[in-house]
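Trainee: Could you walk me through the charged side-chain pairs in this one before I set anything up?
Mentor: Gladly; here it is.

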Amino acid sequence: MINRFIYILLPVIFICTTPLFAQNEKQVIGKIMDSTGVAIQGISIKLLVSGLPDTLQTVSGKTGAFTFKVRASKFIIVATAPEYITYTQEYRFNKLYSIFQLGDIVLYPDNKLLQHVEVAVSSIVLKEDTIEYKASLFKVKEDATVEDILKKLPGLEVNKNGIITAQGKPVYKIKVNGKDFFGNDVKMATRELPANIIDKIQVIDDYGDAAAKSGIKSEVPVKIINLQLKKDKSNGMFGNVTTGYGSSDSYQFKLGTNFFSDKSQLSFFCNSNNINNGNVITGKSNAGLPAVIPLQNTGNIGNSGIQNNIGMPDGITTNHTAGVNYRIDFGKMNSFYGSYNFGNHKTVGFRDQFLQYIYPTQTYFNNQYYNYTNRGNNNQLSLNMELKPDSMSYIKISSEIFFNNSSNNNNTDYNLLNNTYKTSEGSTRDSGKMHTPAIDFNILYNRYFLKKGRNLSISLNPSFLRSNVETYRPSFTRIFDIRGAFQDSTQDQQIFQKNKGNNYSFSFAYTEPVLKNMYLDLTYLYNFSNSINHRNVFVRDFRSGNYVYDSTFSNQFTNRFNNNNIGLNLRTIKKKYNYSIGITLMPVNSRNYSDEKDSLIKPQRTLNVSPLARFNYAFSRSRNLSVSYRGNTRQPVAAQLQPVRDMSNPQFQKEGNPNLKPEFAHTLNMSYNSFSFASGSSLFSTLGFNKVQNKIVNNNILLDSSGAQLNRPENLNGYYSLNGFYTFSKAFNKNKYGLKLNGSFSYNHNAILVNSKKQSGNNWFISQGLEFIYKNNKWLEFGTEVFYTLTASRDLISRANNYNASTWTLSNNMIMDLPSNLVVKYDFELIINHGPDASLNNNINLLNVSVEKKLFKKKKIYLSFGGYNILNQNFSFNRLVSGNSIMDIRTMQISRYFIFSFTYRWNKFGK
């Protein structure tokens, strides 16, 4: 079927890319924008042709647009306006074309002219899908990093592990001057790039490269950040090196260096430490999907509000990473850029877990002790090329290659009890290895036409995933009856699992202008995936000591899934508002094969019809409203489909369901953002509703009186959720003082299956924070915050199991500059937990203190001594609710340590 599409599209592409021969009179089209991306009206524009006495002249219109008609193939554009730097640029016409699109011409303020004039510059500019911050108006220390300035921006949160959220949603990528920087490694940019080279910070709802060119926003957006560098900092070199050693053999070494120019960029970093401080190198868990995705509260799993202590990863990790990022611009409008990241880690840790399994007639209590050692090597290569063969065509070719190896040794001991007696006890020992190569390609072609607004976009995206998993899993189980008599069971399994996933997607988007400022969009998406899962189980014969193939628990399984999205949208773009309304047909076909048993399982065919609606209204440059609705389908993964039981842990068995249908989600989102420069206040808020048809939930089936249970996925209706987020900030006395209110909530009506019977539960999660900030830019920064969270669970099988859990977090931090170039920093946090169980009612006190000395006049050398987790309360508590289970977790984290470090920073900018 894919070949058929290619044969159909080749003539279309050929026709669309065939050059139009030049006519006698040619058209030049452009648009004037300011440095914040806002169109400027009334700008004087001249077109000069060498050797001709006459000069063509016009002014930009309301949208910043202008047009010239010219016969020459070589000309100069000059744009002038008071308070802006004069723009002068020479252009050459391609003789084969009769139209030349200059694109956006950006005018920058003339700082020399304005330096004697006090001008009120807005620190925040709101656009349709972008919130732009003027970096220089958010004061930070001279040697601050990008992460330091992000912490001060309204609407953004940065936790202690460097995870960034924008308007309550995780940030997935960082760009520099519009180009990818170290792939998906967000912390690489935020912790290594200095804040003083940044001109603007843009938080963007990214709908993908195709949407950026065509304007058709049919996908679910993700949050990304673009860092726009200052003009005078775009040429030069900068970097730093840090080395340190401390108590308990703690150490760190970090090196980063960057070379920037107008046409190229080269960055390199390496990092080695055993203090849980490192960048995360992501892999692939499925073709096209990152293996590490920030957790979100989906409703099926609810966080109780019992809080982690210092936001660090579980366990103690020794981490080694290195990477290089490169970009070069060639020709007039072409560029190549990419990055390579390598990561090696070893994590050692333990967890105490207390689980409750709630059934209508009985509740079981499971005490688990879990210790683990995980090792891994991760490689990620990203390559991108952007080509503009002429002013009307754009091509982007990109690929990502992942190759990951990992090994683990996990040991679990448990005791299972009911209300009367101990039903079972046992242990499981896991050791395994995994190799996972994955390749993801994307080819995008976009074509503009002579008729303004007409556009064609074509994208092809093949991806391939392979994984080989080898697991050794001996287990021991002892089952008791009410009299105390017991029966022992021992098994030892070898499991060899091979997964092969191929995914091919093709998309087509065509826009036709129908009226002034009104466009008709025709979209088509075809996606085909073929997933093969081979699971071979060998059970040890204790008499002979050999492993024997077990056909009962082995299977070769294939899933073929394809879906078509056919959409028709009407889109209108006005100066103050824009909207899009349409409808999408989504036929879905899924076919499953059990290869070993030579059988075809009943195919699944569904047709979903989903309206699509988006509305954006800009009250002004500082206030806007956005509303959107869309439908989306999600296919179950191979592990959920494979019709074979996994009994490697006899008390917690799993089995796939090949008759699963895809989920279909209805999502409604609304956001309102407002900022006032005069009053220094800002408000960012979102509200969302989500309803899922055929939601995939786990059917938890109690197998016998010992508490053994089977987990099997099923489709179920009845799930919906409501969530919201807001942050309000107010600055006083020229940003010397500041207040910030922020909060969020989520309500989830869960539909679950227990012993194949439908049950329902309701979860609430509410958080509210108040923060006060004081900044004396000469010597002191001070902040204090009170944060409260509450989780309530209701009607989950039995009212007797309803509960509330809450946490108060009181925090205080300070940075103080003292004489003799001394800097003192500290942060303190008191966490007060109130849970339904006494074991969770623990208060945690956290204290970090450091003293830093800057040496010499240029202050490029820093000596630092710090103590971290000084009170040595290195434990965390958490409660998770999933289906009919409640899990309380106590986790090991890094303990108290002191470290002395040396840092050298360098920078040189200019030609």
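Mentor: A salt bridge here is a side-chain nitrogen of Lys or Arg within 4 Å of a carboxyl oxygen of Asp or Glu. This is a predicted model, in which local features need pLDDT of at least 70 and side-chain atom pairs count only at pLDDT 80 or more, while totals for chains, interfaces and linings use all residues. Residues are numbered from 1 along each chain as its sequence is written, and side-chain values use heavy atoms, with hydrogens and water left out.

Trainee: Which residues are linked in a network of salt bridges?
Mentor: The linked residues are Lys 422, Glu 425, Arg 478 and Asp 488.

Trainee: And how many salt bridges by this rule?
Mentor: The count comes to 32 salt bridges.

Trainee: What does Lys 141 meet in a salt bridge?
Mentor: The side chain of Lys 141 meets that of Asp 817, at 2.9 Å from N to O. Lys 141 sits in the loop between strand E9 (130-134) and helix H3 (146-150), and Asp 817 in strand E45 (residues 803-818), so the pair ties together parts 676 residues apart in sequence. Helices (H or I, at least four residues) and strands (E, at least two) are DSSP runs, numbered from the N terminus.

Trainee: Is Lys 141 buried or exposed?
Mentor: Lys 141 counts as buried at 18% relative accessibility, whereas Asp 817, at 22%, counts as partly exposed. Buried means under 20% relative accessible area, exposed over 50%, and partly exposed in between, with a 1.4 Å probe and protein chains only.

Trainee: What about Arg 327 and Asp 329?
Mentor: Their side chains form a salt bridge at 2.8 Å, N to O; Arg 327 is buried at 6%, and Asp 329 is partly exposed at 23%.
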